[in-house]
Amino acid sequence: DIKYLYNYYLGVQPILNRVKLVRPDINNKVAVNHAEEIVSFFNGYIFGDPIVYAGRSEDDCSEEIQNLNAWNAENDKETGDIELGTWLNICGIGFEIALPKSDAESEEEQTSSPYIRRTLDPREAFVVYYNGIEKIPVMGVKVIDTSDTDVTYNKLYCVYTETSYYEIPDTEVLSGKLPYEMANPIGLVPIVEYQANLARRG
């Protein structure tokens, strides 16, 4: 469904495959891309001004809030929000990932932000929730297409849980094997799912 809606947004719409049985010589095919208009309108309306954070605590937390806003600016949060909004308006869901930087990465890039933040393509990411009242996220997955590389598998599933990180080739998904595993140092699922509405409707 997400692939269909994204292609529709790009202008690949059913009218282009129209087959006329009556008078087939008159077969006008015009794609008026209202989907792109709607997405652009709502993105401009919601994300026209950059989103920044403000403290609501009675304690003075202005320095921490300023640091957070500065780190978000370093991570180009404004562009990421627009990209996230585009996915929300197209297909009803969007995903972000935030991961800590190593000290070496921070020194190499000469930045003060201790983390990186990226918007993920919802065609290649998903979050699994505990089937209880609170719907706690138990696993976030980023799928990497490896079909153009020289490895023997087509997709690599990068799986984050609260305690661990796994890399599982598609050839091993049902085998019960975990070819690569390491500890998750942040203690939470770093992939966050956003929903445009309760129906996840774009």
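In this predicted model, the side chains of Arg-200 and Glu-193 meet in a salt bridge, with N to O at 2.9 Å. Glu-193 counts as buried at 14% relative accessibility, whereas Arg-200, at 36%, counts as partly exposed. Salt bridges that share partners also join Lys-77, Asp-81, Glu-96 and Arg-117 into one network, and a search of the whole structure finds six salt bridges.

**Salt bridges**

- Asp-121 forms a salt bridge with Arg-123, in which the closest N and O atoms are 2.6 Å apart; Asp-121 is buried at 15% relative accessible area, while Arg-123 counts as partly exposed at 35%.

**Open sheet of five strands**

- Five strands form an open sheet with antiparallel pairing, in the order β3-β4-β5-β6-β7.
- The edges are held by β3 (125–129) and β7 (180–183), each of which has a single partner strand, so one side of each is left without a neighbour in the sheet.
- From one strand to the next, the twist averages 20°.
- Strand β5 pairs with β6 (residues 164–169) in the antiparallel sense over five bridges, and Leu-156 has Pro-169 in β6 as its bridge partner.

**Pairing around β1**

- Strand β1 (residues 93–100) pairs with β8 (residues 191–195) in the antiparallel sense over five bridges, and Glu-96, a member of the salt-bridge network, stands opposite Val-192 in β8.
- Six bridges join β1 to β2 (residues 115–120), the two strands running antiparallel, and the bridge partner of Ile-97 in β2 is Arg-118.

**Loop residue Thr-149**

- Thr-149 is placed in the loop between β4 (137–145) and β5 (155–160), where its side chain reaches the backbone oxygen of Thr-146 at 2.6 Å.
- With 44% relative accessibility, Thr-149 counts as partly exposed.

**Nonpolar surface patch**

- Ile-38, Phe-41, Phe-42, Tyr-45 and Ile-46 form a nonpolar patch on the surface, and together they have about 570 Å² of accessible area.
- One of these residues, Tyr-45, is found in helix α2 (residues 34–47) and counts as exposed at 66% relative accessibility.

How values were computed
Residues numbered from 1 in each chain as written. Predicted model: local features only at pLDDT ≥ 70, side-chain atom pairs only at ≥ 80, totals over all residues. Heavy atoms only, no water. Helix = DSSP H or I, 4+ residues; strand = E, 2+ residues; numbered from the N terminus. Buried < 20%, exposed > 50% of the residue type's maximum accessible area, 1.4 Å probe, protein only. Polar contact = N/O pair within 3.5 Å; in protein donor to acceptor, adjacent residues only side chain to side chain. Pairing = 2+ DSSP bridges. Axes fitted to C-alpha atoms, helices over the stretch in contact; angles between N-to-C directions. Patch = residues over 30% accessible without salt bridge, like charges linked within 9 Å, V, L, I, M, F, W, Y side chains within 5 Å. Areas by Shrake-Rupley, 256 points an atom, 1.4 Å probe, with all protein chains shown as cover. Salt bridge = Lys/Arg side-chain N within 4 Å of Asp/Glu carboxyl O.
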